[in-house]
Amino acid sequence: MQNFDYRNPTHIVFGQDRLAELNNLVPADAKVLVLYGGGSVKRFGTLDKVLAGLGERQVVEFGGIEPNPQFDTLMKAVEMVRAEKIDFLLAVGGGSVMDGTKFIAAAAPYQGDEASLLKHGFAPPPIDGALPLGTVATLPATGSEMNMGAVVSYQGGKFPVMHPLLFPQFSFLDPSLTFSLPKVQVANGVVDAFVHTLEQYVTFPANGHIQDRTAEGILKTLIEVGPQTLAEPENYEARATLVWSATCALNGFIGVGVPQDWTTHMIGHELTALFGIDHGQSLAIIQPSVWKLRKTEKREKLLQYAERVWDITEGDEDQRIDQAIAKTRDFFESLGVKTRLSEYGVERGGIDKVVQALEAHGMVALSERGDLDLSVSRAILEDAY
Ligand code: NZQ
Ligand code: ZN
């Protein structure tokens, strides 16, 4: 196992009808900016419950954070934070609202060029403070509710921002707030959580036994509960299991001390930025082809995944790996998520644009070994078409 530090300070408040407890968690004298997306939290009553939970506090609202939050939109909120002297941010929504809020928390007190905060990749940007934030998560997918990462869209690209100051202080996870999700978003969420787990697991062996067994548990759970919660959206226990799976998939725990490979996400981000393909859908397109092109590098973990997650024991090694790839694709398809780039209305010539974007964004040495160059990315995209 590699050396690691692990600290996760987010207080999770899990369960139904707990929003009144906001009153205990937001400082009594805070001036709060409540941030949300395109209006689902208004339509389904979540915003009213949040405002009730905040009681007598001074509250300002900022709505309209779009999926794949745009830098320009978030900067409007930054101006509002500065003008209104806001001292606490409360995100009410999915990953886009939570991520956007994290960026605002970093950018509002920042003295320099805010766009420069997007240029540090997985390394922390040079901030020495951030506004405190909490979240009320309405979409199980990204894990943003319990991690220090955000992804911001800017000038045709998607850029991660990661800093320990951006962990939410608390996150409310009420599965019943997610009952109103359209099926496509639930399916996207299952795929996103599944691929987060895979990218910290299907690399090369590193004696991360706890991490591996936990990852396998999350994957098997998603395979069981994904179809169930799609079919029965108001089955509380099934949805609760999905919500907690998605959080556990990307709260850092399974990724400590082991190699990670974010290739699928990095290529997927370009598909979203260029063609507007949903985040979860972009991952379903890319993941099977990454494995097809990287069978040799990932051989041991792919075999472990085949046996422990899909119970595949018949056939020689290559056959078992091929079966595991096919099972994974079938799983995504069974959720209603298409797995071919051509099925999303993208012309074959679009592959050139993706490769150019990867190059422009410095994504030229991906994978757990840093040896996945643009020629392999192109081959992955060709295979995924
Ligand atoms: O905007 P509203 O009206 O709220 O509607 C949203 C949006 O249209 C809707 N929605 C959310 N909760 C709902 C609901 N509709 C009905 N009922 C509810 N309870 O769902 C739509 C999609 O929301 P969005 O927040 O965009 O989805 P998701 O949670 O999948 O977030 C995707 C974003 O997260 C980033 C992605 O890149 C993308 O920008 N990621 C963030 C990560 C992180 N912070 O760690 C990691 C991920 O890999 C991912 O990259
Ligand atoms: Zn993701």
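Helices (H or I, at least four residues) and strands (E, at least two) are DSSP runs, numbered from the N terminus. With that convention stated, I turn to the model, which is a predicted one: local features need pLDDT of at least 70, side-chain atom pairs count only at pLDDT 80 or more, and totals for chains, interfaces and linings use all residues. Residues are numbered from 1 along each chain as its sequence is written, while chains are lettered from A and ligands numbered from 1 in the order in which they are written.

I begin with the annotation. An unreviewed UniProt entry places the feature "domain: Alcohol dehydrogenase iron-type/glycerol dehydrogenase GldA" at residues 9-175. UniProt positions follow the numbering used here, feature names are shortened, and annotations may be inferred rather than shown by experiment. In the model, this span is 26% helix and 25% strand, and its end C-alpha atoms lie 21 Å apart.

Next, the domains, whose bounds come from an automatic or database domain assignment. The protein chain is divided into domain 1 (11-177) and domain 2 (182-384). Their centres, taken over C-alpha atoms, are separated by 26 Å. Domain 1 brings 16 residues to the contact and domain 2 brings 23, where two residues are in contact if their C-beta atoms, placed from the backbone, lie within 7 Å.

The shell counts 35 residues, the closest being Gly37, Gly38, Pro67, Gly94 and Gly95; a residue is near the ligand if its C-beta atom, placed from the backbone, lies within 6 Å of it. At least two shell residues come from each of α2 (40-43), α5 (95-107), β6 (149-154) and α6 (183-199), and α5 gives the most, with four.

Finally, helix α9, residues 263-275. Its 13 residues should span 18 Å at 1.5 Å a residue, and the end C-alpha atoms are 18 Å apart, which agrees; the expected span is 1.5 Å times one less than the number of residues. Is α9 mostly covered or mostly open? Mostly covered: eleven of the 13 residues are buried, meaning that 20 or more other C-beta atoms lie within 10 Å of the residue's own, all placed from the backbone. Among the buried residues are His265, His269 and Glu270. Their cover includes β6, β7 (157-162), α6, α10 (279-293), α13 (350-360) and α14 (374-384). After α9 comes Gly276, with a positive phi near 70°.

Note on methods. Buried ≥ 20, exposed ≤ 12 C-beta atoms within 10 Å, placed from the backbone.
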